Amino acid sequence: MTEAPTTDRPRLLLLDGHSLAYRAFFALPVENFSTTTGQHTNAVYGFTSMLINVLRDEKPTHLAVAFDVSRQTFRLAEYAEYKAKRNKTPSEFGSQLPLIEEVLDALRIPFLKKDGFEADDIIATLVTQALADDMDVLILTGDRDSLQLVTEHSTVLYPMRGVSDLARMTPEAVETKYGVPPHRYPELAAIVGETSDNLPGVPGVGQGYAAKWINQFDGLDNVITHADQITGKKGEALREHLGDVMRNRHLNALVRDLELDLRPADLAVRPWDRQEVHTLFDGLEFRVLRDRLFETLVSEEDVDEGGFDLDGAALEPGAVAAWLGELGPERVGLHVKGAWGAGTGRVEGLAIATPSGRAAYVATDGLTPDDDTALAAWLADPARPKVLHDAKGPALALAAHGWTLAGVASDTALAAYLVRPDQRSYDLGDLTLRYLRRELRQEQESEQDALFDDGGEASATAMLHASAVLELADALDLAIEEHGGTRLLAEVELPLVSLLTTMEQTGIAVDTDHLEGL
């Protein structure tokens, strides 16, 4: 898509909801997009993806989506065969339209419908009003009827392939492609017909001849008036089908004066509801699309500038015992860097963050005996409360190293699950955005990072995670209390983590001789 021109005028973006959703449905294989419950989502995904892209690229100040209510419009009442040859809407598509509306609600994007009229008519009315209000207008639609709305200040964004490639149809682009200016496009369509609307045109007359006649006689009305001057078989066909041409022109004229509940000035872009989007996208299983959305648009709980402040350092060998000795009785954030699974694991380092904002990283290689003893005692002390994210894996890694983990005061993954068990992702980055409204990144480069070797970035990231876990635990404490899950977490879920860790570490005894005999 060509780059949007820069302007200080308000910019209204209008989307033809049905047209885009239908195009997305056929562009993305339905069998590849469904939730674990069996709900098809290809149209929702494609529509939302296109929406995010165009909002990112065009940066409108005002925004709305128009939908058809049904095929029962005034055009059908006047011509019973209008759109009669269109296939029946697939059930897999129809079930997704309410989901698209839910997406729009969560994003705080207004959508409009009008009984007896099409989305094109709603768009035409809003375009007419917006141009009168000195706004620039963008129309995202796959319906060529909207080309009649193109002016110096209104542009159609027409999908060329699937849901990603958009053509910018300016007055010059329309005339180059169709041979007539935008306001003459419906006159050309009246002559050649429109297959998708089941409007038959003049047999044997294509776009080239239709454009030639319209330009030669200065418009369709004059073409009809002077039809007897057009010679040959094409002229004869035109005269025989003048009724069809006039009917087509009447039906493809968009209504520009509907009574609508909203005017362009009412459509200013609003921040969206981050929590509602989390809930909806979790249900739709749109993890990647959600990440793109967060990177592109502003929510009403806009992420704070920057991320987390870090006042931390990687401890030198021999300094661990003294640093641990300075910790008070308050709980701290703990992040274990390593790998785990199948009842075992390995530890590369530990990051500890305190409520005062201090943090430290301890690499396991190079520990002195005193440091190792002090660290083992601190980890195993139930009176030294610790907060982790998804603690079972780190506990397995620590156990494989010979250390025991005790004093787990909270597990932020478990706490988040108890608050919202319907979510599919309890990723730490998602949760910090959701509950802390901050990105899981460092506010600025730590002065210590310049002193670190290649492990500096890893240690800083580990300390960042420990700090985020500690702050997140405080936020989740309040949320879980509101949901009545405080005792459940403390008396059931956290003890169960310890039990499952022991079970995985112990494993299951198998009589291999007996099995081999069998």
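This is a predicted model: local features need pLDDT of at least 70, side-chain atom pairs count only at pLDDT 80 or more; totals for chains, interfaces and linings use all residues.
User: Are E58 and R11 buried or exposed?

Analyst: The term buried applies to residues with under 20% relative accessible area. Both E58 and R11 fall into this class: they are buried.

User: Which residue does R108 meet in a salt bridge, and in which helix does that partner lie?

Analyst: The side chain of R108 meets that of E276, at 3.3 Å from N to O. R108 is in the loop between α5 (97-106) and β3 (111-112), and the two residues are 168 residues apart, so that the pair links distant parts of the chain. With relative accessibility of 23%, R108 counts as partly exposed, and E276 counts as partly exposed at 32%. The helix that holds E276 is α13 (residues 274-284).

User: In the salt bridge of R331 and D474, which residue counts as buried?

Analyst: The side chains of R331 and D474 meet at 2.9 Å, N to O. R331 lies in the loop between α15 (320-325) and β10 (332-341), and D474 in helix α20 (residues 456-482), so the pair ties together parts that are 143 residues apart in sequence. D474 has a relative accessible area of 42% and is therefore partly exposed. At 17% relative accessibility, the residue that counts as buried is R331.

User: What is the angle between helix α17 and α21, and is it oblique or roughly parallel?

Analyst: Helix α17 (residues 392-401) packs with α21, their axes being 10 Å apart. α17 passes α21 in a right-handed crossing. The angle is about 45 degrees, which makes α17 oblique to α21.

User: What accessible area does the nonpolar patch containing L496 have?

Analyst: L496 is found in helix α21 (residues 486-506) and, at 34% relative accessibility, counts as partly exposed. L496 forms a surface patch with L499, L500 and M503. Together, the accessible area of these residues is about 340 Å².

Terms used
Residues are numbered from 1 along each chain as its sequence is written. Side-chain values use heavy atoms; hydrogens and water are left out. Patches are made of residues with over 30% relative accessible area and no salt bridge: like charges are joined within 9 Å, nonpolar side chains (Val, Leu, Ile, Met, Phe, Trp, Tyr) within 5 Å. Accessible areas come from the Shrake-Rupley method with a 1.4 Å probe; for residues, only the protein chains shown count as cover. A salt bridge is a side-chain nitrogen of Lys or Arg within 4 Å of a carboxyl oxygen of Asp or Glu. Helices (H or I, at least four residues) and strands (E, at least two) are DSSP runs, numbered from the N terminus. Buried means under 20% relative accessible area, exposed over 50%, partly exposed in between (1.4 Å probe, protein chains only). Axes are lines fitted to C-alpha atoms, for helices over the stretch in contact, and angles run from 0 to 180 degrees between N-to-C directions. Angles under 35 degrees count as roughly parallel, over 145 as roughly antiparallel, 65 to 115 as roughly perpendicular and the rest as oblique. A crossing is left-handed if the near helix is turned anticlockwise from the far one by less than a right angle, and right-handed if clockwise.
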